[in-house]
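Colleague: Could you take me through this model, one question at a time, and give the cut-offs behind each term as you go?

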Amino acid sequence: MTVKIYVKGIGILGPGLDGWDKSRPILAGLSPYTAQECSLPKPTILPPMERRRASTTVRLGTHVAQEALEQSGLVADNLATVFASSDGDTDILDQLCSVLATSEKAVSPTRFHNSVHNAPAGYWSIATHSLAPSSSVSCYDVTFAGGLLDAASQVVAEGRPVLLSVYDIAVPEPLHQVRPVSVPFGVALVLDSRHSVSVLGQLDIRLNGEADGVVTTLSSLELETLRQGNPAARALPLLAAIARLQPAQVVLDYVDENTLQVAVTP
Amino acid sequence: MAMSPLYITGFSAASALGRGVSATYGALLREESGLRPCDFENAKLDTYIGRVAGLESEPLGDRFGQYDCRNNRLAKLALQQDGFEDTVIQARERYGARRIGVFIGTSTSGILETELAYRNRDPETEALPCTFHYGQTGNMFSGASFVQGFLQLQGPVLAISTACSSSAKVFAVAYRFIRAGFCDAAVVGGVDSLCLNTLYGFSSLELVSSQPCRPADRERDGLSIGEAAGFVLLEPTYDGKGPGPVALLGYGESSDAHHMSSPHPEGLGARLAMERALSCAGLRASDIDYVNLHGTATPANDWTEDRAIYDVFGASVPCSSTKGWTGHTLGAAGITEAVISVLCIKYGFIPRSLNTRELDSAFKSQIVLDNQKRPIRCVISNSFGFGGTNCSIVLGTTE
């Protein structure tokens with residue numbers, strides 16, 4: 001069974017990839033890619049108080065979401081969201097686990113409530129005054145495919161547009177020893193079942209259990225390194241296909257021998 | 001139009017109330033709380049907890065050795081109760097392993113392993129112990145991955161982590177995945193186990209009681225943290241024999257858009273979740289026979305939930321929180337209370353609000369203070385989480 005959805009907005013932030021407009025020619029192979037460090041802007045969508053309190057994870061997840069939303073022309077206040085991250089806020093996890101290893105165990109209350117996996121979803125809902133449903137998911141290395149499936153199932157089953165934001169920050173030491181994610185990456189897609197003039201691409205998604213698809217990789221060595229280096233960057237082959245403005249078949253990694261087969265039509 | 005029901009063709013539970021649904025139901029009937037003074041790890045907190053005894057000495061072995069942690073031990077314990085594993089094996093033969101989804105709610109997964117690894121860092125090099133398998137234990141997805149592997153399923157799988165609404169939301173996820181054609185049936189569940197993060201974290205927010213929690217009580221002063229695992233097999237059809245099993249009839253989700261750790265003061269998100277669940281089920285408020293409350297026993301939660309309940313149901317529907325029995329099992333609360341709701345329908349039973357000595361006089365909803373036997377056709381169960389994430393599910397009979 002194939003599920004057909006449209007991409008109405010894209011947000012992207014990672015090393016050398018600062019926003020969709022600047023990233024598009026790079027991903028299409030028209031301009032060279034340089035993996036320079038990216039600075040994390042403070043998302044203007046967050047109210048000043050939340051902007052100050054927001055952790056790196058919240059800033060990354062909401063920044064790309066805001067870019068995708070603005071491109072889509074949709075309004076946030078009744079837009080359902082899916083926030084997806086393999087490891088969540090590893091900065092806060094590191095701080096909490098360090099404190100809990102001491103005898104005082106003096107946990108900061110703000111840090112604790114910011115540690116929930118759905119913190120970006122919570123900040124987003126507060127910022128946009130949205131009472132719409134929101135999900136927060138994790139699928140380890142294949143979190144992008146998992147988040148895409150969750151969002152696509154909502155678009156189809158509920159007949160509503162969905163904002164998907166997928167992100168993972170660089171994992172700090174000592175956790176980095178067991179989870180070597182060294183660069184941050186975030187991507188967001190606004191997905192809808194209805195076509196409109198602003199559509200950036202059509203996706204026909206099939207969950208394939210026959211293991212006949214070879215996972216799509218990137219021809220640029222640097223971009224392929226990025227794809228493998230951050231779970232959210234597994235989105236790159238899909239974004240590259242959209243950027244090239246030509247029909248393409250993309251195979252995304254999922255669990256076991258399953259793959260997501262995505263036919264991309266400009 | 002109402003959603004097509006998903007039948008609950010198998011279910012299991014493990015919590016401080018006991019191992020399996022018989023033990024759970026027995027404790028409810030006998031009015032025996034599972035809460036005890038905190039004796040977990042090296043925690044020094046003046047509080048009560050709902051601990052599943054014995055997990056400490058039941059390691060996972062063989063091919064699941066790398067998955068060994070308290071959270072996955074608890075998951076395995078629940079998978080092996082109530083014939084659940086066998087029910088799934090039979091379903092696997094009918095549908096095929098790739099056509100059954102696995103959707104597991106959790107708030108902290110196996111974070112205790114990460115806490116222990118930090119405690120055992122090399123004092124010189126800061127190196128984490130080589131016995132720490134982060135991907136199989138500490139990561140948020142580890143429980144979902146373990147459950148899928150243990151049941152030998154190969155379909156779509158997700159960990160849902162929306163704090164304390166996680167394992168209510170999995171019901172909505174399963175419905176949508178089946179509707180979209182990504183799978184034909186689903187194992188949904190929740191697993192959350194005791195850890196220092198939640199014990200000290202909720203304490204730092206002054207949300208933890210020093211007594212066994214007292215939902216809806218005039219003197220309630222916070223929650224008791226518990227741990228639990230529960231699973232449900234959801235199928236769009238059943239074998240047609242006898243009265244149909246209890247089914248998922250509807251779900252409703254909302255966000256508060258208010259605050260990271262306090263509920264909306266007028267219960268707006270809670271009310272929306274319940275209204276959306278009723279609408280999804282094609283039911284009216286008067287069709288509901290019992291409300292299983294989120295009822296954490298914090299002053300703010302119970303007060304705002306009461307307002308929302310009264311707005312939707314008035315004072316005519318019996319309500320109770322079962323957290324005085326199990327404690328607040330966080331990401332496993334939704335599934336634990338879904339299983340209790342199935343027992344309520346199956347046995348015609350309403351559990352009382354345990355530890356409620358004197359009802360808060362400001363409350364307007366009908367809080368049940370004594371166990372009751374009466375026919376129950378439809379239950380709504382509430383789960384609300386940090387970040388203002390709410391989910392209500394409607395369970396009931398279909399005839």
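Modeller: Before the helix packing, a definition is needed: axes are lines fitted to C-alpha atoms, for helices over the stretch in contact, and angles run from 0 to 180 degrees between N-to-C directions. Residues are numbered from 1 along each chain as its sequence is written, and chains are lettered from A and ligands numbered from 1 in the order in which they are written. The model is predicted, and local features need pLDDT of at least 70, side-chain atom pairs count only at pLDDT 80 or more, while totals for chains, interfaces and linings use all residues.

Colleague: At what angle do H6(B) and helix H11 (residues 333-347) of chain B pack?
Modeller: Helices (H or I, at least four residues) and strands (E, at least two) are DSSP runs, numbered from the N terminus. The axes of H6(B) and H11(B) are 5 Å apart. H6(B) is roughly perpendicular to H11(B), where angles under 35 degrees count as roughly parallel, over 145 as roughly antiparallel, 65 to 115 as roughly perpendicular and the rest as oblique. The packing angle is about 75 degrees.

Colleague: Which residues of H11(B) make the contact with H6(B)?
Modeller: Two residues are in contact if their C-beta atoms, placed from the backbone, lie within 7 Å. On the side of H6(B), the contact is made by B:Ser166, B:Ser167 and B:Ala168. The residues of H11(B) in this contact are B:Ala333, B:Gly334 and B:Ile335.

Colleague: Which element gives the most to the side of chain B that touches chain A?
Modeller: The contact between the chains takes 57 residues from chain A and 54 residues from chain B. Among the elements that give two or more residues to the chain B side are helix H4 (111-119), helix H6 (166-180) and helix H8 (268-281) of chain B. With seven residues, the element that gives the most is H6(B).

Colleague: Which residue of E6(B) does A:Val137 stand opposite?
Modeller: Two strands pair if DSSP finds at least two bridges between them. Strand E4 (residues 134-138) of chain A pairs with E6(B) in the antiparallel sense, over two bridges. Opposite A:Val137 stands B:Ile160.

Colleague: Which strands stand at the edges of the open sheet in chain B?
Modeller: This sheet has three strands in the order E3-E4-E8, with mixed pairing, and within it strand E4 (residues 48-50) of chain B runs parallel to E8(B), joined by two bridges. Each edge strand has a single partner strand, so one side of each is left without a neighbour in the sheet. The edge strands are E3 (36-37) and E8 (225-226) of chain B.

Colleague: How many residues of helix H6 (residues 119-128) of chain A are buried?
Modeller: A residue is buried if 20 or more other C-beta atoms lie within 10 Å of its own, exposed if 12 or fewer, and partly exposed in between, with C-beta atoms placed from the backbone. The buried residues include A:Tyr123, A:Trp124 and A:Ile126. The helix H6(A) is largely enclosed by the rest of the structure, because the buried count is ten of the ten residues.

Colleague: Is A:His129 buried or exposed?
Modeller: H6(A) is followed by A:His129, which has its place in the loop between H6 and E4 of chain A. Phi of A:His129 is near 55 degrees, a positive value in a residue other than glycine. With 12 other C-beta atoms within 10 Å, A:His129 is exposed.

Colleague: What is omega for the peptide bond from A:Glu173 to A:Pro174?
Modeller: A:Pro174 lies in the loop between strand E5 (162-168) and strand E6 (185-192) of chain A. The bond from A:Glu173 to A:Pro174 is cis, with omega near 0 degrees.
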